[in-house]
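Visitor: Could you walk me through this model? I'd like to go feature by feature.

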Amino acid sequence: MIQAIFFATFDVNEGPKVLHQVPASSITASPSTPSIPLLHFPSISSLIIPHPTLCNNGLVHFTTTDSPRHRILSYPQHIASSRYPRNAYTFNFCLVLPAGDNYNDGDGSGGGNNNSNGSGSSSTGGAVDFNSYIPVVRKLNLLFRSLEEQEQFLSRDVSAHRRDGSESKIYKVCEILLSDLNNYCEAMIPIDSANTLNIKLFPTYPPPPPLYAHHVPLATVRLDAGSPLVDDEWDLTLLKVLPYIDGVNSVKQIALRADADFKLVKKAVRHLLYYGCVVLLDVFSFGGIYACTSAVGEIVESEALREECRRYVSLEEDEEEEEEGGGDGGGMRAPFQWRNKRTAAGKEESKEHSIPITGTDLATLYLSLKQGQSVKNWCMERPDIVSKIDIRRFITFGIIKGFLYRVHKYAFLPPSSSKQRLTKANLRRSGDGYQRTGSGVAVKGGDGVGEEGEEEGVGDEAKEADEADLLKYLDGTHCFDEICTDLMISEKELVMKLKGLGDVQVICR
């Protein structure tokens, strides 16, 4: 939040001087409005109006040593011209911000052209951070520099104000800018008939987490064609992938289904992730293992969270929505369209004999998830209550809220075995017709006898090629989801390949 805006210039008689300040007496005290200034201007005047060689070189920002401390953002300007006293005019529009912990150092950029929007960045903590105001002070100074060079806007306004005490346009701009940015995070201020100052604080967020081919994006807002967020002028790749972001397809599957380049799809998903439009999940399978985190106590203690979970995962809740012709068509429920299909007679019978699931039941179910137990085995142990919920949504809700985590499987092959197998596979893939004997001597392979021998050789080469592709993932750092996605195989096929290698260890963590 901006605490003050002031306009300072170099007076040929008095030196650096504050001509306008909002609020009044916030920088220098005046007899008409006596109050304690936010800072001691004489001690920082040389930084506000620096030597000409230090002007026009970019942002100048510093933190005062007063208590409470303040951060000053400025962009000093120096115009050399014979029409001014001492052949120069130096000025500076400055912003005063609180020097809190959420104001982090950083560089910013923004436009200085007339009638364009400034931009900035914001932390996710709610308050606009220090970087967001860098484009504001930059644009403010560059705009008025342009106006001064064109029509001497600043110097004439200052002279008129001193001569007859007329209301200053500069003061009005500072006053409106302070009010609008603090209240609305944007301002549109007409300067004259030909120029308007447009400034807006655009929030940006921390860099998104790493995105891999096996990640599954789930929309947190409506991204369908009827959503007010979706614009036809969006990037073409982004528009192509939106229909396939359903919480089921991985990034690679989205690229294949949308018939788009994987790198472009990955960039589009990262864009949505950056703005919080999607969250990342793991590939769901009933062979997966999930366990509780230390945050699982939240669903035990919070009745509102249990009720939210019940509405999201309950199959009875969905049936009521279908009968009412409803369905929300958006939010978290929209991506999952699959359901347990039952006949009308079956539904009526289940309504008569079944007891609706409660939030307490759901909390108990979450607490029963543990290491070493797959979702499939977990479901088989409690078929009655599990039949009332959507398993995929149940797991997804826990992942999103942070009280469940996925236990991934990693394959590890000892380096000695891996190197030996990789060398053998590379020799077979090289196609030079040589094979290495047990003694390490390369001998010429015999020519295949008949077509059957040739086909067998081709099959062995394909097998060796697949083995070579798999070996690079067996260092214990690649999870099963990543391996299956990259090699385009199922987990069952992966397990069979690993068994064929013999001494592969599977680690769950």
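Visitor: Is H15 largely enclosed or open, and how many of its residues are buried?
Guide: Some ground rules: this is a predicted model, where local features need pLDDT of at least 70, side-chain atom pairs count only at pLDDT 80 or more, and totals for chains, interfaces and linings use all residues. Residues are numbered from 1 along each chain as its sequence is written, and side-chain values use heavy atoms, with hydrogens and water left out. Buried means under 20% relative accessible area, exposed over 50%, and partly exposed in between (1.4 Å probe, protein chains only); helices (H or I, at least four residues) and strands (E, at least two) are DSSP runs numbered from the N terminus. H15 is largely enclosed by the rest of the structure, because the buried count among its eleven residues is eight.

Visitor: Which residues of H15 are the buried ones?
Guide: H15 covers residues 391-401. Its buried members are Ile391, Arg392, Arg393, Phe394, Ile395, Thr396, Phe397 and Gly398.

Visitor: What sits at the start of H15, and which residue follows the helix?
Guide: At the start, a side-chain oxygen of Asp390 comes within 3.0 Å of the backbone nitrogen of Arg392. That's a polar contact, meaning N or O atoms within 3.5 Å; within protein, one must be able to donate a hydrogen and the other to accept it, and residues adjacent in sequence count only if both atoms are side-chain atoms. After H15 comes a residue with a positive phi, near 90°: Gly402.

Visitor: How many aromatic pairs does a search of the whole structure find?
Guide: Rings of Phe, Tyr and Trp (its six-membered ring) pair if their centres lie within 6.5 Å; planes under 30 degrees apart count as stacked, over 60 as edge-to-face and the rest as tilted. Searching the whole structure gives a total of 15.

Visitor: What kind of aromatic pair do Tyr84 and Tyr89 form?
Guide: Their ring centres are 5.3 Å apart, with 25° between the planes. Tyr84 counts as buried because its relative accessibility is 7%, and Tyr89 is buried too, at 11%. The pair is stacked.

Visitor: And Tyr312 with Phe397, how many residues apart are they?
Guide: That pair is tilted, at 5.8 Å centre to centre and 40° between the planes. Tyr312 is at 4% relative accessibility, so it counts as buried, and Phe397 is buried at 0%. Tyr312 belongs to helix H9 (residues 303-313) and Phe397 to H15, so the pair links distant parts of the chain, 85 residues apart.

Visitor: Which residues do ring pairs link into a cluster?
Guide: Tyr84 and Tyr89 turn up again here. The whole cluster is Phe7, Tyr84, Tyr89, Phe91, Phe93, Phe144 and Phe153.

Visitor: Which residue lies over the face of Tyr410?
Guide: A charge sits over a ring if NZ of Lys or CZ of Arg is within 6 Å of the ring centre and within 35 degrees of the ring normal. Over Tyr410, at 4.1 Å from the ring centre, lies Arg509.

Visitor: How far from Cys479 is the nearest cysteine sulfur?
Guide: A disulfide is a pair of cysteine sulfur atoms within 2.5 Å, and the search of the whole structure finds zero. Cys479 is buried, with a relative accessible area of 6%. Cys479 is in no disulfide; the nearest cysteine sulfur belongs to Cys484, at 8.7 Å.

Visitor: Is Ser25 buried or exposed, and what about Arg86?
Guide: Ser25 has a positive phi of about 60° although it is not a glycine, and so does Arg86. Ser25 lies in the loop between E2 and H1, while Arg86 is in the loop between strand E5 (77-80) and strand E6 (88-98). At 1% relative accessibility Ser25 is buried; at 61%, Arg86 is exposed.

Visitor: Which residues does Thr485 touch?
Guide: Thr485 is in helix H18 (residues 480-487) and is buried, at 12% relative accessible area. Contact means heavy atoms within 4.5 Å. Not counting residues up to four places away in sequence, Thr485 touches Ala213, His214, Ser250 and Lys252.
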